[in-house]
Every structure is written in structure tokens, then in C-alpha cells.
Amino acid sequence: MDTIVAVATPPGRSGIGVIRLSGPQSLDIIRALSYEPEFTPEPNRVFLKQILRESGQPLDTVLISYFAGPHSFTGEDVVEISCHGSPVILRQLLDLTQNLGARLAGPGEFTLRACKNGKMNLSQAEAIRDLINAQTDAAAVQAARQLNGELSNALKSSKQQLIQIIVRLESALEFVEDDLPQIHAEKIKATLSEVMGSINALTSTYATGHLLRDGIKSAIVGRPNVGKSSLFNKLLRLDRAIVTDIAGTTRDSITETISLQGVPISLTDTAGIRVAGDRIEEIGVERTHRAMADADLLIVVIDGSVGPSPEDLAVLSQTKPARQIVAINKCDLPRASGLENRLDHSLRVVHLSALTGEGLENLSTAILDAFGNVDSESVGLLITDSRHHDLLRRAETSLLQSMETLSDGASEELVLVGLHNALRFLGEITGETTTDDILAEIFNTFCIGK
Amino acid sequence: MVFDEEFDVIVIGGGHAGCEAASAAARLGATTAMVTLNLDLIGQMSCNPAIGGIAKGHLVREIDALGGIMGRVADRTGIQFRLLNRSRGPAVQSPRAQADRALYRTEMRSTLEHTTNLHLRQGMVVDLLVEKATVVGVAMQDGRRIGAPAVVIAAGTFLNGLVHTGRRTYTAGRAGEPASIELAEALKRLGFPVGRLKTGTPPRLDGRTIDWDAFEPQEADERPVPFSFSTEKIEQPQIKCYVGYTTKDLHATIRRNLHESPLYSGQIKGVGPRYCPSIEDKVVKFADKERHQLFLEPEGHHTHEVYLNGFSTSLPAAMQQDLVRMIPGLEEAKIIRPGYAIEYDYVDPRELGADLQCRRITGLFHAGQVNGTTGYEEAACQGLLAGINAAALAKRKPSFRLRREESYIGVLVDDLIRQGVDEPYRIFTSRAEYRLALRHDNADERLRRYGRRLGLVDDSDWERFNRRRDRITSAKQALRTTRLRKCDAAYLAVSETIKSDLGHSVSLEDLARRPGVTADMVERLLPANIAGTIATSDLEAALADNLYAGYIRAQEVVIQRLNHHDATRIPADLNFKTLQGLSHEMVERLERSRPRTFGEARSIPGLTAAALSTLYVAANLHG
């Protein structure tokens, strides 16, 4: 087994960067890095060491933590090096460790080793992934709920009903000589409808659920100097972008994420759209167009004291009305006349002032409303995973096929094809149902025995 | 070692598994000895005098397609043929026949006696002779030693058999026949894991004492469907069976006397089948059922013995007589043989490979009830497979296996060797994921070529098979190319009958899939030159293929999709004990079944999803 290495902290600059090593050579590598061949760290303690470059020049002073396998994340010997969070230093450290025999880890390889060494099972690994990726509290809660088997419980009663139908039909064709009660096709259809209804209810939560997990990408667009950055900062409640009076000052796209009622919303502040004056502005404008294309939602800001310009209307017409909100800014100033009439009536319009904060609540509500009243607190279990969603959809399709076959009056074994397929799909989500379970049910329900 | 006689193959047991094994091995060129306790009881049906039934009928046809003998013997001795599930789709239709019990035996024995290379020997096997984990022969009770490099154990319910009637118990393999005790002990000595199962049988009645008019007759089919693909027509006269019912008083009487029943008194240790329960079981488990169905099955044209199907019991013999008299129509009935329960040893079938050879001892094969199955057909198909492979071993030829995608036999063997048994294993159509593709009438298409390649299918049968397949192909062609057009005379009538719009024109292929369209209707629409050359059964086969094709394809996609990890190989040297997070029990199951792929592991019962995850990761990391 070789020793792997990777940067554990996210890319970019920060105070601390962490490099993690896992494998039998971890300790040897750190000894070589610190020029201390006799270094025998006590596990779970932190040591200060200086790391030198190959030239002998100091690279950085670092903190070393040693975790002796199996009492480590991966179950192998693990060494964590906390250095200053400079990408340059991190890069150098990676190179040095690789020269000493470590291999750059593949994606998820630490977790894979953890699984292999029995430190966690696959569903726990999934949970970690989801937890890491959770952008809001509510998303994290959903991840946790899923792991606790809430999804399995929600499907349990549907599965049971489905099994009952299967049992009934299988009994009819398997035990044709036994004295079994008559099958009532209408009753079976009714139960089947119920099952389809429950599954459909769950499937339809995906629209909300996946937003909760993946978030809404929105871009704030508009002419220069309408107050986009001010609005952006207000929404973030901190000064992030540069705000000046000069039109076109926001040269870059800046993206931040906020949480609105548990739903992660990423906001991208963009360069004011006008015909670019200089090269830097051009780049900024190009980025703006890209942000617009990527966005689930556009917040089009208009200066309420001046009214919509032809460019504003052009922006509005370029994109679908449903996924737009018109934020008429500067309501603290006198409003331009005839403003509303120049806008399409189907548009969602909010009046606000980025300066005073007035109307901001309405904007928040409008953002969520644009996606169908997403309120994660009051809703029950949501399907957030596209794999689960896909399986539920396929189960629904199979059941529909069975329903049609049943209505056609076809023989039971044809109806059963769709039912068994649906059960298989549901089984993929929650856990297998085997033939034995169905047979057991048959013999519990009916007196068979010619 | 010195032997009194030597053969290529020894088959222990002359029941349904033994007969198939001996016949197949001999016909494959192996000198074969079939050793049985009683030559007069070769081919004896221990219980219900009937062959076939749902899924069982499929097995018989598959045995026949491969070149086995059960189907032919059943065709010659069947006295009431019925195709079950006629009103349902072809995939779940299955042939069944009551047989003349005595005639079945004599026909079976005669078939074996006319088989070259096959030598019948009466006697009891008391030990297996094994050298260096390889079988070399058997030792007989009378002192003889018979040598062979391949031995098939097909001992049925005889291994440590114990019969219970009321409180009386006695060792027996069947009522009136001695049990095989030493052989059972020999298997234990060799280290095989042995368990205990039970089964039961109902009383037989004197037909002269039955009031037949009180029962509902059940007719044979007008057009009996034979089991064997070599049988043109069933010639012998058919009989009726009769349906009757128990009463509430009868149930109450049984309930009052449950303490006399060996199963309920704890006297019997073995586990019985859930699906053929004794009348005691029925009455206790389904207490609110007012009456239970019974069938009167005459055992032959030349005997007045009648089998009382549905009344399996081990209550005391005298009590059985009183109980039977409480059944309407049987007030004067006399019992000729009382019913009884029997417990017997079986060996964990997970000891076997897909060729039914024991992993622990080379050359030793197990077939039939000894593997924990119940039913003549289940036993026979295992016998056939074991016989083929025993001969293959003796002749140094490659072994023969069947896959579950292509046959019920494959399903049965695969279930046994991977999952083991908790109760007597009976075949059901629902055990086959590919049920729609495994029809009784396409067993020849699926398996004949294997039989031919092995050498069990002779020239005339092979010819007949090819002609049938050609006819079915031309039927399918006709379905594809013939169209029913608006201008045709029949168009209006057809469209009215099925109450549906057929468009400008419709191919017979598409028409046949519409609900309400029968085989007869389609036959009448075929062009005369085709209709004259094919039989109705050929058309029915073509229609069935047509009907199911789409469903089979759709199901295939789903199954493959869900099983895409299944091909992942599990390294043969993977030590399951080293996998973290597996309970002792799961490690045990894995070690027993030795799955070679992840797909095989997935089907091991009791393996949790978490354990499977761990196994999957390990399999991937090792590979």
C-alpha cells in the first residue's frame, strides 16, 4: 500500500493550509522533510517544526500532527501538516512530499481508504460528502434526516402495499388449484393508484429538495450605477464589493452565498452592462453575460428615480420572465413617472432602497416565490438526491405500465412485470426485497396446500 | 482396494432423482450401477400420484428437452392430463398429469432395463469408500464392495428416516420400507453439515366405499398436452378427479386433538414445507376458514385405491378414520393406508458446486431430497444434472451447468447452492426473474441443443425438434408479414370483436398483442398456404414469443441496470474474516456460499446492505 498526499484545505489564500498524508511512509516523509531522522512524535499531539526547501532555504514553520493507525481518519498512519495558507507554500510541500515517495491522492481516496479499513461505511461516506457540501443549515438537516432512514420509512408503507398486490397476483397464478378468494381487479387498481399517489407525492418534492441541496444561482444585473453593488452588499449585510459613484466600477463578478429560509442562494454581482469603454471593462462585461447565462434567477435592478432605459428593457426581454425579478431601486428618491406602465405586467416587481434597506424583505420573498414557495422549514422529507429522484420516477413509470396492462385485462404475469420492476427500483433506494419475502407473505396470507 | 464389481458411476437410490441420474449416465457411455433397496419400487411416487403442476411442469419439460426420461414415462402412464392456468398467459401455463402409480413404476423400470450400460443392483449402501478426499466406491450391507470414481447419492427421504403416526414412531424411508441409517451416519462422519426436514402424506381410501356423487368432478383436458417433445399424442383413456371439502366440525375435532399430532406435540424436530401443510396446520393457521378443499385422485384404472389430496396428516391412524368419515361423501369411507409424517436427514446444498458435485469430496454428487428439495420433479432434474456430470467426471469430459437465465433447473440449482435451504425447497414461477422467457413450450428451444451436444438426444428427436423450430419460425414470419387491411372481409368482424380501431392496416404481429385477440382468431387470418403447414401449438408458441418480447426486453434493461455491479469479481482468496464490519454470521454465510462475483453475493440471504458495501469496496480494491 502506498502513501498518498493531498491538500486538505480549499484552494485559495488563508491563514492556515493543511496537507494530509496517509500510508506507511507518512512518518518517514515527515522525518525527511524536517531533517530529523529520529523524530518520534507521540500520536495526537502537535509539534512545531521547520521545513526546508531542497536548496536548504527555509520554506515554512509548520505544525505537525501525527495519528498512528488504526486510530486515524483512514485507519493508516496519518500526518497532517499545518502551514501558512499560501498556495505557493502548499504547492512546494506537495512537491517535496512527492519527491520523498508520496503519491498525489485521487479524488475521495482518503475516504475510500477509511471505508476499506472499516472506519466508516459507504453511507456514512455519503453523509460526510453531503454535510461538507451543505450550504445551509436546512440542507445539512435534510442530509442527516436521509441518513437516519427517513426516506426508507416514507417508502415503507408504499412498498408494503405494492408487495400485497404482488402477493395477490402471484398467488392467483402460482396456486391456481387452491381455493383462493376471487381477485377483484377494481380493488387492485385502487390500491395501485394509492401507491402511485404516495410515490408521486415524494417525487414532486425533488423540485424543492434539490434546490435546497444545490441552491439557487442568481445574478444581479442592470445598467451601470443603478445600485447593484449596493443592493448586493445590503443583501450580504457586509461590504464586499467596491462601491463608488463611477459607472462601471465593479469590474469583476463577485459571488457570495446567503441563506434565505434555509435555501442557499448564490448572488453574483455583475459589471454594469453598457458598451464597454476599456479593455478591463470588456472582460467584466463578458463575465456578466456568462453569469447571466448560468443563473437560475436574474434580479434586474432599475433606478426608480430615472425609470427603465432601452438597455434595461433589452435585458428583460432577453431572458424568460418567470425567472426574473425587477428590483426598482432608490425608492427613497422620488419615483420617475409612468414607471410601471413601461414594464410587462407579468413581471415580478419589488420596490426597494439599497440605501435605507426598505423593501428588502419583499425581495427575499420574491426570490423564493420565483421557485414555487420554497419553505424548507415547514415541509417534511424532501428528495434531494438526483439518483433517488431518478429511481422514484422509474418506479412510477413501471407502475403506470402495470396499471395500463391491468386495465387492458391482460394476464397477471404481464401486470406483475411492472410491479416487480417498481419494487426493484424502490429496493435500490431502501434495501432489497427478495423473492423469499414475497413467498413468505403468500403463505401467511393464504392457505396453500394441495 | 479390491472390489467385487467396478463401474464408472454408482447411483444410490431408485427414486426420481436416481432414475434420471442412472439413465443419463448410462446413455452417456458410462457403465452405471443403480443400487436400490427394493427393485420392485423403482420410480415409486411416495406421495401424490401426479407429475407436474405450476413450475413443476416446466421442470419436466426441461428434463425432457435435455434428454431425460420423466416426461416420456409420465406420458405413457398419465391418466388425467390438465394444462394449468389455461386462462392465463402462456408463460405461467404448466402441464400436470395424474398417473397410474403402479404403471409408472413398471414403465420406469422397463425403461431402465432397456438402457445399455445400466445395471440394476438390489441392496443397501452402508458406507462410502473415500481415499484422499476422492470417492472410490461404496460398501454394501451384504458385504460386497462396489467401486466407481463417481457416486451419486439420491437417497430421498431414507437418510435416518423416521415415520410418525400419532405417538407411534419407527425408522423407515417410507411406510413399510427400511431407513438408510448407516449411510446417513457415513455422511456425518465425512464432515457434511446435516439438517433435518419433514414432510407428510395423506391417507389412501378404498374407492368402493366413497359416495362419488357427493363430489364435484374435474375433467381431464380435451386436448391433453404431453410432457415430452417426443410424444405426438396421449392415447390412453383419461379419468376424472373429484373435489370435496372439509367441515367446521372436522376442524373442531382436529383442534381438540392437536396434542396427538406429532408436529404439535413437539415430537417431530424437522422443519416442514409451508406450502403443503398438513390438515392440522391448515386448521390451526387459518382457523377462520370454514372449509378446506380436498381432491379425490384415483390411483389407476386397475385399482380402487384413491389418494385423498389436501389431507396430509400424522394424527393417529384410528383418529384419521374417524376424521375422514366427517367429510361429506366419505361417511362410509375406509382407509386402506393411513397418512403419516416423515422426518429425514438432508445435507446442506451449499456444499455443492453448480455441477452438484461435493466440494469436499471429489466424485461425490448429491441429488434430490438429500439436498433439501421436495417434489418428484425437483428431484428428477437434479438427478439428471448429477448423472450427466458423474458420467462426465468418469469419462474426463467437461462438466455441465445450467444458468438461471435459461432454465428453471438453473434457478433451482443456483438457489440451492448459493442460499441453502431453511425448509423443503419447492419450485415456483416467482423464483425465476426471467419467468416470461422460461415457458413450458419453449423448453426445447432453450435446452435441446445442450441435450444433443451431450449425446442424450437421438437423431429422430433432433429432427423433430428442428422441424418444429422451423414451423415456429415460419409462423412468426407469417405474423410479421401478413396484414389485416380495411378492405379485407375479416376486418370488420375482428375490429368489432375486440372493440378497437385497427387503423388502415395492421400486421398480425401487432394485432395479436391487442387485448381480446385469441389464437383462434389469428389462425383464421393466416394465409392458407401457411396455416396448412403449421400446427396450432406452433402458432401458439409464435404468439407467445411475440406477446412477451417487449416485456422481456424491458425487464432485461431494468435487471441489468440494477445489477451493473454484479460482474465485479470477488477474489477467490479473499478472506472474509478480514473485512471490517461483518458479523460472525455474515462471514459464515459468505464462507459457505463462496460467491465468485458481487452478483452472487448479493443474493445470499441475510447479508445486510452495509456488509455488501464493505464487500464491494474490498472486491474493488483487491482487483
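Is Arg113(A) buried or exposed? Here are my notes, starting with that one.

1. Arg113(A) is buried, at 6% relative accessible area (buried means under 20%, exposed over 50%, partly exposed in between, with a 1.4 Å probe and protein chains only). This is a predicted model, where local features need pLDDT of at least 70, side-chain atom pairs count only at pLDDT 80 or more, and totals for chains, interfaces and linings use all residues. Residues are numbered from 1 along each chain as its sequence is written, chains are lettered from A and ligands numbered from 1 in the order in which they are written, and side-chain values use heavy atoms, leaving out hydrogens and water.

2. Arg113(A) has a salt-bridge partner, Asp2(A), at 2.7 Å from N to O (a salt bridge is a side-chain nitrogen of Lys or Arg within 4 Å of a carboxyl oxygen of Asp or Glu). The two sit 111 residues apart, Asp2(A) in the segment before β1 and Arg113(A) in helix α3 of chain A (helices are DSSP runs of H or I with at least four residues, strands runs of E with at least two, numbered from the N terminus). Asp2(A) is partly exposed, at 32%.

3. Over in chain B, Glu351(B) and Arg360(B) form a salt bridge at 2.8 Å, N to O. Glu351(B) is buried at 7%, while Arg360(B) is partly exposed at 35%.

4. Now the sheet: chain A has an open one of six strands, ordered β3-β4-β5-β2-β1-β6, with mixed pairing (strands pair if DSSP finds at least two bridges between them). β3 and β6 of chain A each have a single partner strand, so one side of each lacks a neighbour in the sheet.
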